[in-house]
Amino acid sequence: MIAHGLRISMALGLLLAPSIASSQELNNSQIMSTLGQVKEAAPAVDAALLVEEANANVGKGVAALPNWSKLSELSQLIVEIDFENNSTAIEPKSYRTVGLIADALHHPDLFRYKFLIVGHSSATGMAKHNLELSQKRADAINEALSTTFAVPPNRLFSVGAGEEWPIDPGHPEAADNRRVQLINLGLLK
């Protein structure tokens, strides 16, 4: 995928049109206020079931699937993290964003929560390849947060959605569909 400028959008629902903010506008308090909006009756989400559903529905979409539809009820932040073309290597300019996310996850207000990292791709290339690549990219963000930035790994889960859940369904090949979502899964148990 071609690297694009950093764009941040915050959404309360996965299907809402995102607002765009430049990297200079992203700060710790914005991340914390977006991810800290936790409902007491939030649904339980199993990352392993999300992976199974995504793999079983390549080319069919995932937004309406039982476990994936639960995600729209959870606090989330949608972030574009740039990767090298067709690679899991995070572009150096995106490490600032990953670091800001890590800082927020270390804050006492968010430290007791667990998070799902969802990787997305545009619809360029084969659907199966895009799903695999998006999973590897979500795993790369997970690894960077847990190793480089010392976020406890028991707080992080990752899943790839490939091209199956576009933010811009009318333009599946658009760069906006290449993104990473960070979703608050609720309290650690």
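Seven nonpolar residues, one polar residue and no charged ones: that is the make-up, by class, of the lining of the second largest cavity in this protein. Here, Ala, Val, Leu, Ile, Met, Phe, Trp, Tyr, Cys and Pro count as nonpolar, Asp, Glu, Lys and Arg as charged, and the others, Gly among them, as polar. Before we go further inside, a word on what you are looking at. This is a predicted model, in which local features need pLDDT of at least 70 and side-chain atom pairs count only at pLDDT 80 or more, while totals for chains, interfaces and linings use all residues. Residues are numbered from 1 along each chain as its sequence is written, and side-chain values use heavy atoms, with hydrogens and water left out.

So how confident is the predictor? The score to know is pLDDT, the predictor's confidence in each residue, from 0 to 100. The protein averages 81, and 84% of the residues score at least 70. A contact, by the way, means heavy atoms within 4.5 Å.

Now for the overall layout. You can count five helices and five strands, and starting at the N terminus the order is β-α-α-α-β-α-β-α-β-β. These elements are DSSP runs numbered from the N terminus: helices are H or I with at least four residues, strands are E with at least two. Of the contacts with a separation of 6 or more, 79% are between residues 24 or more positions apart. Buried residues make up 50% of the 189 residues; buried means under 20% relative accessible area, exposed over 50%, and partly exposed in between, using a 1.4 Å probe and protein chains only.

Let's look at strand β3 (residues 113–120). Eight of its eight residues are buried, so β3 is largely enclosed by the rest of the structure. In a regular strand the side chains alternate between the two faces of the sheet. In β3 both faces are covered: Tyr 113, Phe 115, Ile 117 and Gly 119 are buried on one side, and Lys 114, Leu 116, Val 118 and His 120 are buried on the other.

Which strands does β3 pair with? Two strands pair if DSSP finds at least two bridges between them. Seven bridges join β3 to β5, and these two run antiparallel; Phe 115, for example, stands opposite Asn 184 in β5. Six bridges join β3 to strand β4 (residues 156–162), and this pair runs parallel. Across from Ile 117 you will find Ser 158 in β4, while His 120 has Gly 162 as its bridge partner there. Strand β4 is mostly covered too, with six of its seven residues buried.

One of the residues in β4 is Ala 161. Ala 161 is buried, with a relative accessible area of 0%. Ala 161 and His 120 are 41 residues apart along the chain, yet their C-alpha atoms are separated by 5.3 Å. Setting aside neighbours within four places in sequence, Ala 161 is in contact with Trp 68, Val 118, Gly 119, His 120, Leu 131 and Ser 134.

Back to the cavity we began with. A search of the whole structure finds two cavities of 30 Å³ or more. On a 1 Å grid over the protein atoms alone, a cavity is a set of points where a 1.4 Å probe fits but cannot get out, and lining residues have an atom within 4 Å of a point. Grid points are joined across faces, edges and corners, and a volume is the space filled by probe spheres set on the points. The second largest cavity has a volume of about 40 Å³. Its lining is Leu 77, Val 79, Ile 101, Ile 141, Leu 145, Val 180, Gln 181 and Leu 182. The elements giving two or more residues to this lining are β2 (76–79), α5 and β5 (180–187), and β5 has the largest share, with three.

Leu 145, one of those lining residues, lies in helix α5. At 1% relative accessibility, Leu 145 counts as buried. Neighbours within four places aside, the contacts of Leu 145 include Val 98, Ile 101, Ile 117 and Leu 156.

Conventions. On a 1 Å grid over the protein atoms alone, a cavity is a set of points where a 1.4 Å probe fits but cannot get out, and a pocket is an open set with protein on both sides within 12 Å along at least five of seven lines; lining residues have an atom within 4 Å of a point.
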